[in-house]
Amino acid sequence: MLPRRFLTFSLLVPTLLVFATAALASTAGGGVERMMIVFFISLTAVAGMGLYSGNSGILSFGHLSFMGLAAYASAVLTLPLQMKKLTLPNLPAFLADAHFDFLPAMILAVLFAMAVALLTGLIISRLEGSAATIATLALLIIVHGVIIGARDITRGSQSFFGVPRETGIWVAATVCIIALVVTRLFRDSVPGLRLRASREDPIAAGASGIGIKRERLLAWVLSAGLVALAGVALGHFLGAFSPKKFYFVDTFALLAMLIVGGMTTMTGAVVGAVTITVVTEVLRRLEGGVQLLGIQLPEVFGLTQIGIGLIILLVMFKQREGLAGIDEWDERILPRLLKFNSNAGQINTSVLEPTRSAGTLKADSLTKRFSGLVAVDQVSVSLRPGEILGLIGPNGSGKTTLLNMISGVLPVSSGGVRLGEKIISGLPVHRFSGLGIARTFQNIRLFERLSVRQNVLAAALSNWPREPVSQAQARATAALDWMELTDKAQLKADTLSYGDQRRVEIARALALGPNYLFLDEPAAGMNREETDALMQILRRLRDELGLGILIVDHDLPLIVSLCDRVTVLNEGQLIAEGTPEEVQSDPAVITAYLGRKHREENVA
Amino acid sequence: MHRFLNSLLIGTAMTAALAAGAAAADKITIGVATAQTGGLAPYDGPVVEGFRIAVDEINAAGGIGGKIMIETIDKDVRSDAAQTSIATQELVDADVNVLVLPCDADPAFAAASIADAAKIPAFSTCASSPTLPIMGGDYMFANFPGDNVQATVSAQWSHDQGHRSVYLLYSPDSQYTTLPLYFGDVFEKLGGTISGKATYKLEQQDFSAEVTKIKALKPQPDVIMTAAYEPNFPAFIKQLRAAGVTSQVIGSDGIDSPTTFSLGEVAEGVVFTTAGHATPGSELEKFNSLFKEKTGKDSETVFNAIGYDLVKVIAAAVEGAGSTDPTAIRDAIAGLENVQGATSLITYKGTQGMPVREVSLVRVKGGDRELVGQPAPNADLIPAPRMQ
């Protein structure tokens, strides 16, 4: 999705850097070369872990299990047959006679780890936040136990030795480059952007058509593959290992790199691995007690651990996102150097298409109970394309709950929602956008750490049926244009003013190409000028695109002048329905709602 | 002098100077890449303590044979195999004459190939797996009584006591905990019978299934042999005695810890093998008082003496080789016979790198240790190392 010239630079620079470092290390030889091999392998693993944890926002303790599985799987395949007979006499027949070269063994082992990741991911991708993290921890413990238990294949807790030492500096460098390139590409790929959007706000991501579980699963499997690559390389570097090599101690060592560098970017993986490695190398030379400026320092083993601990603390205090922050190096530097057209994909600035003939949206006797409390009680509303329906009522009258049910965010307790002849209540939330229903949220739910354009693009790319990327980009551009956000497209969403954030939410909804648009208090936080401009846009959306708009707001002047029809809720029940004028004069409404807000009535 | 020479600022220059010094043959450099932090530190730490005492003692007397001073370069490998491999390579780059590697087989294996390629003799501080020196190459040596040797000593003793049937409790989870299988081999060779075997998992706490099996045996086995240690052993022995089984229990050096002596009545009479026992007038007693004198504290583990032994072995090899050339030292080690260490006489001649050392048999009595004997193992009885 990035311009080719941008991508070339962002991938070529790390590739050349790794190769140059490898060449230097190989010239230096000896301990330096070995140190760099370990560094490249660690960086491979860190980048792989970051691909999942960084983009999904779910910290994983479980990735070392894929490293271990791949190390064992590849080692069983590359172990010389004679050694195998000697050390693994009870190996199943199909493995006992199998011998592969390093490369095919590596590929098979990575595929094996990815297959295991697919199975475990089916469960883990369903869990949220800390539950998912704990599940990854369980995975680490279970796989550790399984490796020990599979004694005939793994020699249990004992040393698995005799593995050919195939990993030299060039193998390590190549593996590392693969990991860096895949990680960088994934971040700005379509699934990468969708996953990052769901990291920022799972609810808004769902409402934007993103199937979060699928995106998480994909990243989980892919990252397991990269970490597995590191495992194969490590196994064939050490030549001997046991299950404890792929357990807590190493998990925390790699997580330290990930956290210090910043887990959301490839840059962070590199910065973290470099920082921790440099600090370790400096401190471990000091621990033996050195002569420094004529002073004999005492011998203090354990200095490296103390140092790493302090860095993590410092980073957590001063820069929670890690030393590299949340942007890639190329995102900071290249736009300035290369003067890219920031609105790439603006080739055909198609306007948003007018609404295709859509059936009426009907909610029949919707009820929502929250353990005893009836928030919405048998409310029926309908919305046609080309009309603006206002939904008003005092605080706590059930407006947002009703909206959440019609948009699929909340399951209904009873009643149903139909679109034309089709019953749509009960479908998963990310399917609603495909039905032409898009929405905004009362308490703004933007993908905060993504740019305005990425916010809108994430939705455009998740529309159903799926379309070519160029078409989605064009629609995102058009949506930004509609909401007059084009000049703010490159800004991070969380840096915008309140009013602008509301407009980004609407642009994001528009990018889904909806027939129906639900707006929950879109004018809250806007001044009168901004509100008027918004009303202007909403009228055009109705008139030019034929959208059916359902709007919840407390701003009565806005409701009265904008809406074709108004529905009034009170204490979860529908108490009036009609034109703004009819509703305003309805005695029930006056008592329940306008009566208590008499001043506002006068203004209206 | 165990000064850390490889400083960040002056590393290269000093390394070169060091190499030049080693070549002058009035000095031998030992590269000590051991785990001073992490999971292996409880073993490598004490070994290196004893190691330093021996180095200081020899240097104070003018060096090996009165002329060759010992220099050491210390590196902490943090109980990690990859770090061991890096540190070992750095020591090889610094032209050390002898390498000392961690206690565990993983890091030792990772470094063994580097030592082998550089043709520098290497010792694991205290690994007891007889596979290590065999699979680690010609330059890899161990410094601890092998599991098979320990088992030979205890099996022979048991047979001498008139025991004729044994029950083996072992765990295939680690090489060490399969030691009872060696015991079984020797015991059968001597004419005894194995009345049963049971396995357990490391960390297992509930031994009721195993104990029930033993309890049901008719007749009861004369002896129960296990290499279980904490937390398995205390749990097992308590449950065994609670079930009323009175057979002799034989253990191995894994239970030579204060815990065993604090178990009370249930552990009474348990006999186990260990690397050494300080009888009055013994070398170990002498070492213990030297240790107290140098460090101001009591030696709490036999691993201190094991470290001391290692330097004695290296010194004897250097003296025997008459040279500090690593290959000459390697050949000299392989021919060493009856080197007097703190724990025992040590012999490498005729072995594949696993030293023949005396093994002490100790009985738990009244919460204290009682020496049963220090028999030399019968070489013909020692079973061949098992690869799996």
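Predicted model: local features only at pLDDT ≥ 70, side-chain atom pairs only at ≥ 80, totals over all residues.
## Helices 1 and 9 of chain A

Helix 1 of chain A crosses helix 9 of chain A in a right-handed manner. Helix 1 covers residues 4–28 of chain A and helix 9 covers residues 169–187 of chain A; their axes lie 10 Å apart and form an angle of about 165°. Because angles over 145 degrees count as roughly antiparallel, helix 1 of chain A is described as roughly antiparallel to helix 9 of chain A.

On the side of helix 1 of chain A, the residues that meet helix 9 include A:Leu11, A:Pro14, A:Val18 and A:Phe19. Helix 9 of chain A contributes, among others, A:Trp170, A:Cys176, A:Leu180 and A:Arg184. By class, the contact of helix 1 with helix 9 in chain A comprises 13 nonpolar, 3 polar and 1 charged residues.

## Helices 2 and 14 of chain A

Two packed helices are described by the angle between their axes and the distance between the axes. For helix 2 of chain A and helix 14 of chain A, the axes come within 9 Å and cross at roughly 140°. These two helices of chain A, helix 2 and helix 14, are therefore oblique to each other. Their crossing, that of helix 2 of chain A and helix 14 of chain A, is right-handed.

The contact involves A:Phe39, A:Leu43 and A:Val46, among other residues of helix 2 of chain A. From helix 14 of chain A, the residues taking part include A:Met266, A:Val270 and A:Thr277. The contact of helix 2 with helix 14 in chain A has 8 nonpolar, 5 polar and no charged residues.

## The two domains of chain A

The domain assignment divides chain A into domain 1 (14–288) and domain 2 (361–603). The centres of these two domains of chain A, taken over C-alpha atoms, are separated by 45 Å.

In chain A, 15 residues of domain 1 are in contact with 25 residues of domain 2. On the domain 1 side, helix 10 (190–200) and helix 11 (202–207) of chain A are the elements that give two or more residues. Helix 10 of chain A supplies the largest share of that side, with 6 residues. The side of domain 1 of chain A that touches domain 2 consists of 7 nonpolar, 4 polar and 4 charged residues.

## The contact between chains A and B

Between the chains, 38 residues of chain A are in contact with 29 residues of chain B. Helix 2 (30–56), helix 4 (81–87), strand 2 (240–241), helix 14 (266–287) and helix 15 (303–318) of chain A each provide at least two residues of the side that touches chain B. The largest share of this side, 5 residues, belongs to helix 2 of chain A. By class, the side of chain A that touches chain B has 13 nonpolar, 16 polar and 9 charged residues.

## Domains and a sheet in chain B

In chain B, the domain assignment gives domain 1 (11–144 + 280–357) and domain 2 (147–274 + 360–373). Their centres, taken over C-alpha atoms, are 32 Å apart in chain B. There, 6 residues of domain 1 of chain B are in contact with 7 residues of domain 2 of chain B. The domain 1 side of this contact in chain B has 3 nonpolar, 3 polar and no charged residues.

Chain B also contains an open sheet of 3 strands in the order 11-12-13, with antiparallel pairing. Strand 11 (339–340) and strand 13 (356–357) of chain B stand at the edges with a single partner strand each, so one side of each has no neighbour in the sheet. Strand 12 (residues 345–347) of chain B pairs with strand 13 of chain B over 2 bridges. B:Thr347 has B:Val356, in strand 13 of chain B, as its bridge partner.

Key:
Residues numbered from 1 in each chain as written. Chains lettered and ligands numbered in written order. Pairing = 2+ DSSP bridges. Helix = DSSP H or I, 4+ residues; strand = E, 2+ residues; numbered from the N terminus. Domains from an automatic or database assignment. Contact = placed C-beta atoms within 7 Å. Nonpolar A, V, L, I, M, F, W, Y, C, P; charged D, E, K, R; others polar. Axes fitted to C-alpha atoms, helices over the stretch in contact; angles between N-to-C directions. Parallel < 35°, antiparallel > 145°, perpendicular 65-115°, else oblique. Left-handed = near helix turned anticlockwise from the far one by under 90°.
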